[in-house]
Amino acid sequence: MSQPIKRELRLALQMSLPFAGLLALLLYMTFLNMYASNDNSIMIQWIRGFFPLVNGAISFIGPFTILLFNKELTQNVRELVFNNKNKTRPDSSLQPARNNDNLLKTSKTIFALTSSHMSFSGKVPIKFTKKFSRTFFIRRDTSDFGKFEKTNTTSYQMPLVGYYVLYVLITPVYFLILVCILKLRRHVVMFKSTFYTILVQHSIADISALLFYAFQKVSYVLIPNFLFNYQRYRFAAVFYDGIYWSFVFRTNGIAFMTIHRFLIIVKSAHKITQVWENIDAPTIGTMENMGCLLDSFSNSQFTMLFQS
């Protein structure tokens with residue numbers, strides 16, 4: 001089997017886990033809708049407790065699949081992190097330009113600053129004491145839309161704790177991978193393909209969704225009175241609809257990349273595949289995001305308010 005075919009198959013495997021995440025999301029929503037139709041409030045509340053992990057799963061698995069199956073990109077990520085360029089690599093077309101030391105240093109600086117903020121360093125004006133830790137992680141999640149049964153069990157909040165941990169560990173890595181792809185797209189032809197164009201947009205959607213959900217949860221803990229007293233700014237509608245928007249954009253990106261892998265591997269000689277491969281990046285972005293924007297705004301609830 002030739003190297004190009006192996007590379008295309010690895011990229012197909014890269015999409016296998018995100019696609020499995022979509023199936024898990026579909027299963028989660030199916031059970032939630034089933035219990036809602038039966039008015040089973042106890043099971044609805046129990047299932048909603050796992051929402052942080054379900055919401056983050058389709059984004060958290062992205063960096064793992066990239067680093068596991070995309071050997072070319074993984075090699076370049078290592079070079080970006082360790083500043084150790086492999087001059088003996090057989091494929092010279094994959095070599096990035098050698099005159100970008102300033103960009104490399106800037107990327108490392110951005111990554112270091114991002115990591116320090118995400119790990120709650122001393123620069124954050126909140127003393128991370130044991131008391132604050134208990135309040136921040138174990139406090140009752142106030143973002144659920146319907147409150148059926150009250151519970152003070154710590155196990156109910158464990159999925160949210162797991163989300164915080166994965167968020168701090170994975171988001172900087174994902175950001176570094178995105179910086180590496182953008183850097184390579186400037187000089188390496190292979191990374192200018194349609195697949196990587198869609199992957200860049202999908203990575204931005206993933207990182208934005210993770211940041212948005214983390215900001216939402218932290219806001220409920222740190223500034224609940226502000227959110228409640230200034231409801232004229234529609235914070236509730238933004239937080240509620242934002243979750244839906246993040247699902248639409250991320251699932252659409254996974255669907256586009258999955259269809260692209262199918263066309264490249266199974267229908268490589270088809271006219272549709274040739275046309276799709278020759279489309280420029282702005283057109284692909286318009287095709288992918290226009291439907292998402294129309295669907296998101298048409299199904300948004302702009303009049304939603306906080307009740308307590």
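In this predicted model, residues 24 or more positions apart account for 76% of the contacts in the protein with a separation of 6 or more. Of the 308 residues, 43% count as buried.

**Confidence in the model**

- The mean pLDDT of the protein is 75, and 76% of its residues reach 70 or more.
- Over residues 87-152 the pLDDT stays under 50, and for this stretch the model has 100 contacts beyond four places in sequence.

**Surface and the nonpolar patch**

- The protein exposes about 17,100 Å², of which carbon and sulfur atoms supply 65%.
- On this surface, Ile5, Leu9, Phe262, Ile265 and Val266 form a nonpolar patch, and together these residues have about 420 Å² of accessible area.
- Two helices, H1 (3-14) and H11 (235-266), each supply at least two residues of the nonpolar patch, and the largest share, 3 residues, comes from H11.
- Ile265, one of the patch residues, has its place in helix H11, and Ile265 counts as partly exposed because its relative accessible area is 35%, a value that lies between the cut-offs of 20% for buried and 50% for exposed.

**Regions annotated in UniProt**

- According to an unreviewed UniProt entry, the annotation "transmembrane region" covers residues 12-34, 46-69, 161-182, 194-215 and 243-264.
- Among these annotated stretches, residues 161-182 are 100% helix and 0% strand in the model, with the end C-alpha atoms 32 Å apart.
- For residues 243-264, another of the annotated stretches, the chain is likewise 100% helix and 0% strand, and the end C-alpha atoms are 32 Å apart.

**A closer look at Asn33**

- Asn33 has its place in helix H2, which is made of residues 16-37, and the position of Asn33 also falls within residues 12-34, which the UniProt entry annotates as "transmembrane region".
- Asn33 counts as exposed because its relative accessibility is 55%, whereas the cut-off for exposed residues is over 50%.
- Although Asn33 and Ile44 are 11 residues apart in sequence, the distance between them in space is 8.7 Å, taken from C-alpha to C-alpha.

Terms used
Residues numbered from 1 in each chain as written. Predicted model: local features only at pLDDT ≥ 70, side-chain atom pairs only at ≥ 80, totals over all residues. Heavy atoms only, no water. Buried < 20%, exposed > 50% of the residue type's maximum accessible area, 1.4 Å probe, protein only. Contact = heavy atoms within 4.5 Å. Areas by Shrake-Rupley, 256 points an atom, 1.4 Å probe, with all protein chains shown as cover. pLDDT = per-residue confidence, 0-100. Patch = residues over 30% accessible without salt bridge, like charges linked within 9 Å, V, L, I, M, F, W, Y side chains within 5 Å. Salt bridge = Lys/Arg side-chain N within 4 Å of Asp/Glu carboxyl O. Helix = DSSP H or I, 4+ residues; strand = E, 2+ residues; numbered from the N terminus. UniProt positions renumbered as here; feature names shortened; annotations may be inferred.
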